[in-house]
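Here are some notes for a colleague who is opening this structure for the first time.

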Amino acid sequence: MYPLRRNRRLRTNESIRAMVRETIISPNDFIVPLFIVEGKNVKDEIASMPGYFRYSLDLIEKEVKELWSMGLKSVLLFVKVPENLKDNAGKEALNPEGLMQRAIKTVKNAIPEMVVMTDVALDPYSAYGHDGIIANGKVLNDDTTAVLAEMSLSHAKAGADFVAPSDMMDGRIFEIRSLLEDEGFHDTGIMSYSAKYASAFYGPFRDALDSAPVEAKNTPRDKKTYQMDPSNREEAVRETLMDIDEGADIVMVKPGLCYLDIVRDLRNTVNVPLAVYQVSGEYAMIKAASEKGWLDHDAVVLEQLTAIKRAGANMIASYFAKEAVKLIS
Ligand code: PBG
């Protein structure tokens, strides 16, 4: 009589497997990161992110129309700021005619229903490549959050649906929420990078925006005084619960693959939507290994995205969004 249970019965063929499948990815799951540069007709491939590009505004319009036609309904905007506009105050970040502000309008103009999320942090605007203002070798917290709130307001005025602070300063969600409320932007949401780790997987992104911390006297070499220590788990829960208290609508774990334990911890703890950012280094690893013929690209992409969702992500920011949608349709 043994065995009464044969688990392989439910794996007999694809029809049965499809019937009992627990995790299914769809276009609704994705947030598409977009890198934007000044100029006309610019489509620059990022060296460490093969197949991913920086676009000028005219081509962004085309790109978001294509995304929309594929069922992708949400974008996360990043801008590459010309070197001569960088400083230690984030002045250009507040320019109502800045590249980010024009990008928001361009996307909203092209597809009004597209959800526009914007990166809020000073690193693309910082002469030092840091997410905040530097003084005496330190990244100042409260001076930075004041600018981040103004930056968020500027994005809201340009038409952003969600601002996405990725800086990990203390108290920034409260500062941003308060200013948005005071100014009447009750419906502008906040997606907080609430558990963002000081990860070595952000390298290709910093190439894309030319935003790595610079080697200079009295400047921190890395982001470890604000981003989290990869060794810590309880701290992710503390950070995230605080951001929810301060008014975050959506919270996030970043990077993805190495942090799926944190994703599950948070999914079991919080009752707001949880995003996961599958970052540039994760993209680069898959591209490099499959270029060498060492991995089956398409299968690995879908397996990783499925694993991120299975761990508890309600949405995934991923450079693979377009490729994944093509593969599943
Ligand atoms: C900057 C920011 C980073 C990423 C998103 N926003 C880099 C960093 O913190 O240095 C990384 C995204 C990626 O690697 O794909 N605030």
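**Notes on cavities, a pocket and helix packing**

1. The second largest cavity has a volume of about 40 Å³. A cavity here is a set of points, on a 1 Å grid over the protein atoms alone, where a 1.4 Å probe fits but cannot get out, and lining residues have an atom within 4 Å of a point. Grid points are joined across faces, edges and corners, and a volume is the space filled by probe spheres set on the points. The lining of this second largest cavity consists of Asp87, Asn88, Ala89, Gly90, Leu122, Tyr125, Ser126, His130, Gly132 and Ile133, which by class are four nonpolar, five polar and one charged. In this scheme Ala, Val, Leu, Ile, Met, Phe, Trp, Tyr, Cys and Pro count as nonpolar, Asp, Glu, Lys and Arg as charged, and the others, Gly among them, as polar.

2. The model is predicted, so that local features need pLDDT of at least 70 and side-chain atom pairs count only at pLDDT 80 or more, while totals for chains, interfaces and linings use all residues. Residues are numbered from 1 along each chain as its sequence is written, and side-chain values use heavy atoms, with hydrogens and water left out.

3. Strand S9 (189-196) and helix H6 (203-209) each supply at least two residues of it; helices (H or I, at least four residues) and strands (E, at least two) are DSSP runs, numbered from the N terminus.

4. Pro255 is found in the loop between strand S10 (250-254) and helix H8 (260-267).

5. How much space lies in the largest pocket? The volume is about 270 Å³, a pocket being an open set with protein on both sides within 12 Å along at least five of seven lines. Of the 17 residues that line this pocket, Gly51, Tyr52, Glu63, Lys322 and Glu323 are the closest to its centre. Strand S1 (30-37), strand S3 (49-56), H2, helix H9 (280-291) and helix H11 (321-328) each supply at least two lining residues, and by class the lining has nine nonpolar, two polar and six charged residues.

6. Helix H9, a contributor to that pocket lining, also packs with helix H10 (residues 297-311) at an angle of about 155 degrees, their axes 10 Å apart. Axes are lines fitted to C-alpha atoms, for helices over the stretch in contact, and angles run from 0 to 180 degrees between N-to-C directions. H9 and H10 are therefore roughly antiparallel to each other, given that angles over 145 degrees count as such. Ile286, Lys287 and Ser290 in H9 meet His297, Val300, Val301 and Gln304 in H10, contact meaning heavy atoms within 4.5 Å. The residues of this contact divide into three nonpolar, three polar and one charged.

7. One further backbone detail concerns Asn41, whose phi is near 55 degrees, a positive value in a residue other than glycine. Asn41 lies in the loop between S1 and strand S2 (43-46).

How values were computed:
Parallel < 35°, antiparallel > 145°, perpendicular 65-115°, else oblique.
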